[in-house]
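Hi,

Here is the structure I promised to pass on. Have a look at it first, and then read on for what turned up.

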Amino acid sequence: MKIINPLIDPIITLNKRGFFYSSSSQSSKKLPVDASEQPVDFDVVRARSSHTFWIRQICEVTLSSAIAQGNSVSGGSPELLETRMKKGEAVIAFTSDGRWAGFSFISAWENGKYVSNSGLIVAPEFRHTGLAKRIKRKIFELSREKYPDALIFSFTSVLAVMKINHQLGFEPVTFSELTSDDLFWENCKTCVNCTILNNKERKNCLCTAMLYDPKSNSSCS
């Protein structure tokens, strides 16, 4: 089993027949939405303390999706997600009938000079609905609201996320343009590609780093 990195920001979904098991009060088997069904309405909101109820399901779906796709991605520990929710530094999505649908969170580095957008996860039954793009935009808006002067970044190996980031004003950069906070880079030690990162002196790796600079985008804000 591959070790998982909590810092990369992909759209994480299972294949069309995928499902996961949960010991929560939710249904233990989640099937994809059939194309013939009515479109699902989503509400993407800032997470708060009451949403910690969903942490177990978020972690289970993230882990199951990462294993199914054979990548090295995770959404972070339950403790980290709880902290982000209670601080109002995460967004969570639900369907109009109350089902959990997606999640993402932010982390500040170097006293707010940098902010990472991480842990983007979409429940498998709601992939290809446009929800990932809505979550991405909402977490970006939250980052701008809480840290208006920060450089915002994310790692991804997924082309769809690169396109969404580009639409928001992100540009590909070398890792040297990101935070130098050792705590951030310590997390990369759990990634299967950490050797590559170290061999390249932390300048680049297999993931693409993308950065939003508010000064460069001030005319578009």
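Of the 221 residues in this predicted model, 50% count as buried, where buried means under 20% relative accessible area, exposed over 50%, and partly exposed in between (1.4 Å probe, protein chains only). Contacts in the protein with a separation of 6 or more come to 73% from residues 24 or more positions apart; contact here means heavy atoms within 4.5 Å.

A quick word on the ground rules. Residues are numbered from 1 along each chain as its sequence is written, and side-chain values use heavy atoms, with hydrogens and water left out. Since the model is predicted, local features need pLDDT of at least 70 and side-chain atom pairs count only at pLDDT 80 or more, while totals for chains, interfaces and linings use all residues.

Now the overall layout. You'll find six helices and seven strands, in the pattern β-α-α-β-β-β-α-β-α-β-α-α-β along the sequence. Helices (H or I, at least four residues) and strands (E, at least two) are DSSP runs, numbered from the N terminus.

The seven strands make an open sheet in the order S1-S2-S3-S4-S5-S7-S6, with mixed pairing. Two strands pair if DSSP finds at least two bridges between them. At the edges sit S1 (42-46) and S6 (171-173), each pairing on one side only. From one strand to the next the twist averages 25 degrees. As background, strands of a sheet pair through backbone hydrogen bonds, either parallel or antiparallel. S5 (residues 151-156) and S7 (residues 208-212) go for the antiparallel sense, over five bridges, and Thr156 stands opposite Thr208 in S7.

Next, the helices on that sheet. H3 lies across S1, S2 (90-95), S3 (100-109), S4 (114-122), S5 and S7, and runs at about 155 degrees to S4. H4 packs on the sheet too, touching S5, S6 and S7, with its direction at about 20 degrees to that of S7. For all of this, axes are lines fitted to C-alpha atoms (for helices over the stretch in contact), and angles run from 0 to 180 degrees between N-to-C directions.

How do the two helices meet? H3 (residues 131-146) and H4 (residues 159-168) pack at an angle of about 40 degrees, with their axes 10 Å apart. The contact brings Lys133, Lys136, Arg137 and Phe140 in H3 up against Val161, Ile164, Asn165, Gln167 and Leu168 in H4.

A few residues are worth a click:

- His51 is in the loop between S1 and H1 (55-69) and is buried, at 7% relative accessible area. Beyond its neighbours within four places in sequence, His51 is in contact with Val45, Arg46, Met85, Ile92 and Phe94.
- Ser104, in S3, is buried as well, at 1%. Its C-alpha atom is 5.7 Å from that of Ala90, 14 residues apart along the chain. Not counting residues up to four places away in sequence, Ser104 touches several others, including Val91, Leu120 and Ile139.
- Asn111 lies in the loop between S3 and S4 and is exposed, with 87% relative accessibility. Asn111 has a positive phi of about 55 degrees although it is not a glycine.
- His128, in the loop between S4 and H3, is exposed at 76%. His128 also has a positive phi, about 60 degrees, without being a glycine.

Cheers
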